[in-house]
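I opened my notebook today to look around a new model. Come along and check each entry against the picture.

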Amino acid sequence: MFSTLDFQAGRAVMEVETLLEGKFKDLLKKQAEVSGELDGTYLKVFPANTVLWMAANVNGEKAYELLRENPTVRQELDNSMMPLDFEAIFKAVKGDVAVAMPEMSLKPGFILYADVKNGDFMRTFEDLKPMLAMTNGQMRLVDKGENAYQFVAANGAMLGMGRGPVSFWLGVKDDRFYLTNQEDLIGREVKGLSLKDCDWAKDVKDKHFYLNVNFQALAAVLPQIPYVGMLDYLSIESDEPTKARLVLQLKDHKENVLKQLVQIVNN
């Protein structure tokens, strides 16, 4: 791996390149076929103060084929205890996929959106109901309309999560799949500026992967940690399998970032 770190005015930029040959290089080429170029579809559906946003462009059919090349994964897919049509689910995905945590709280909510060809694959979740019925109400799949469900677990510990009831909502609307742990996040309207208005948003289009962490949004809920307020955001992007770019942007865009980081450490 080869990397460079550049301290600029207001930001630190790290360029990373992985140098591989042989089978590893061939594998990266296959992985590249799974991922396409981002359109940035899901920038406008989240407010500008979203804490975390991560997106990639995915060809579900090619992803499924790549996963099946691994004998262990293939066996799990073919002999899963879950009576789901994994092939239909994967092959329905085609386009941008984004995961976001809109705000920080004691129980932070998340929502995943994915471009899908249609909602036909949602029928496979009906096959889960007989199996869940055997749990005597401990786990249920509740109809929430056309191509929409609420999964309910009486105790999250059964799923390796915290104790207490747990719910997830999933469905397809307007060729957009969603999965979330907070129902009010589904299709929530953005009032005011969206992520599309952020200065880093212009860098998203045509990348294969993009992640952004908003430190200013974190500073609002972590006032006891003053140095967080000095940071603006962290982004990680990639436009090809062997290269990545990390940018740590500080709130002060003019002062050299190394000088600012020294001040943070000293404080």
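**Ground rules.** I am looking at a predicted model, where local features need pLDDT of at least 70 and side-chain atom pairs count only at pLDDT 80 or more, while totals for chains, interfaces and linings use all residues. Residues are numbered from 1 along each chain as its sequence is written, and side-chain values use heavy atoms, with hydrogens and water left out.

Entry: Which strands pair with S9? I traced strand S8 (residues 148-153), which runs antiparallel to S9 with 6 bridges, and strand S10 (residues 176-180), also antiparallel, over 4 bridges. Pairing here asks for at least two DSSP bridges between two strands. Val-152 stands opposite Ser-167, and Val-172 has Phe-177 in S10 as its bridge partner.

**Entry: two positive phi angles.** The hairpin of S9 and S10 has 3 residues between the strands. Asp-174 sits in that loop, and its phi is positive, near 55 degrees, though Asp-174 is not a glycine. Is Asp-174 buried or exposed? I wrote down exposed, because its relative accessible area is 69%. Asn-147 also has a positive phi, of about 55 degrees, without being a glycine. I located Asn-147 in the loop between strand S7 (139-143) and S8, and it counts as partly exposed because its relative accessibility is 25%.

Entry: I found Ser-35 in strand S3 (residues 35-36). Ser-35 counts as buried because its relative accessible area is 18%. What does Ser-35 touch? Leaving aside residues up to four places away in sequence, I listed Asn-57 and His-208 (contact means heavy atoms within 4.5 Å). The Ser-35 side chain reaches the backbone oxygen of Asn-57 at 3.4 Å.

**Last entry: one more residue.** I placed Leu-5 in strand S1, and I logged it as partly exposed because its relative accessible area is 48%.

Note on methods:
Buried means under 20% relative accessible area, exposed over 50%, partly exposed in between (1.4 Å probe, protein chains only). A polar contact is a pair of N or O atoms within 3.5 Å; within protein, one must be able to donate a hydrogen and the other to accept it, and residues adjacent in sequence count only if both atoms are side-chain atoms.
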